[in-house]
Amino acid sequence: MAINLDLISGSNFVSTIKSYCNSLGWSIYDINNKRAILNFDADSGNTQTLFIIKHENTLEFSVPSGIKYDETGDIPGWLSTALLTQNSQFKVGFWCIEEIGEKHTFSIMHNAELSLINVNYFRLVSLALVKRCDELEQTVARALGGY
């Protein structure tokens, strides 16, 4: 069952995210009325950071990868093509390139209308994004001879 929109509006965003995280046994790294930051220990042993940002009637879930480039022209075409191809197979999340701190960063995101969010959907989206980001980083590290 989806929640009432008021549960994630204004200051209720904080209490709702805290409630979801408490029921899931998750810790919140930082939170305010517009965004929350959660850190997850991924299967690889790395830490993945999930940002949840409130936009009017939508929540944006985003996990930036460690794969960053100074210029968009530096991004390998094969990597962009591989990730765009994966997008067509996902029901939850999509790959994109975000500008974060003057770097072009591969991130996996999911946008959801507030009316769709409940604790189960919150868990599903969060864990799927964290897992996919960690898998990408491990794949790229292996391809570059890091493993």
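Here is a short chat about the predicted model shown above.

Reader: Hi! What kind of model is this, and how are the residues numbered?

Author: Hi! It is a predicted model, in which local features need pLDDT of at least 70, side-chain atom pairs count only at pLDDT 80 or more, and totals for chains, interfaces and linings use all residues. Residues are numbered from 1 along each chain as its sequence is written, and side-chain values use heavy atoms, with hydrogens and water left out.

Reader: Great. How many helices and strands are in the chain?

Author: The chain has 3 helices and 6 strands. Both are DSSP runs numbered from the N terminus, with at least four residues (H or I) for a helix and at least two (E) for a strand. Along the sequence the pattern reads α-β-β-β-β-α-β-β-α.

Reader: And how compact is the chain?

Author: It is as compact as a globular protein of 147 residues, because its radius of gyration is 16 Å, close to the 15 Å from the globule rule. That radius is taken over C-alpha atoms, and the rule is 2.2 Å times the number of residues to the power 0.38. The C-alpha atoms fill a box of roughly 45 × 30 × 30 Å along the principal axes.

Reader: What share of the residues is buried?

Author: Of the 147 residues, 42% count as buried. Buried means under 20% relative accessible area, exposed means over 50%, and partly exposed is in between (1.4 Å probe, protein chains only).

Reader: Can you show me a buried one? Where is S107 found?

Author: S107 is found in strand 6, which covers residues 103-113. With 0% relative accessibility, S107 counts as buried.

Reader: What does the side chain of S107 make a polar contact with?

Author: Its partner is the side chain of E98, at 2.6 Å. A polar contact is a pair of N or O atoms within 3.5 Å; within protein, one must be able to donate a hydrogen and the other to accept it, and residues adjacent in sequence count only if both atoms are side-chain atoms.

Reader: Which other residues does S107 touch?

Author: Leaving out residues up to four places away in sequence, S107 touches several residues, including S62, F94, W95 and C96. Contact here means heavy atoms within 4.5 Å.

Reader: What about C21?

Author: For C21 the closest cysteine sulfur is also in C133, but the distance is 18 Å, again too far for a bond. C21 is buried too, with a relative accessible area of 1%.

Reader: New topic: how many salt bridges are there?

Author: The count comes to 3 salt bridges. The rule asks for a side-chain nitrogen of Lys or Arg within 4 Å of a carboxyl oxygen of Asp or Glu.

Reader: Which residue does K103 pair with?

Author: K103 meets D70 in a salt bridge, at 2.2 Å from N to O. K103 lies in strand 6 and D70 in the loop between strand 4 (58-69) and helix 2 (77-87), so the pair ties together parts that are 33 residues apart in sequence. K103 is partly exposed at 32%, and D70 is partly exposed at 44%.

Reader: Which residue does D30 form a salt bridge with?

Author: D30 pairs with R35, and the closest N and O atoms are 2.7 Å apart. D30 is partly exposed at 32% relative accessibility, and R35 is partly exposed at 23%.

Reader: Last one: is E102 buried or exposed?

Author: E102 counts as exposed, at 68% relative accessibility. It sits in the loop between strand 5 (94-100) and strand 6, and has a positive phi of about 65° although it is not a glycine.

Technical notes. A disulfide is a pair of cysteine sulfur atoms within 2.5 Å.
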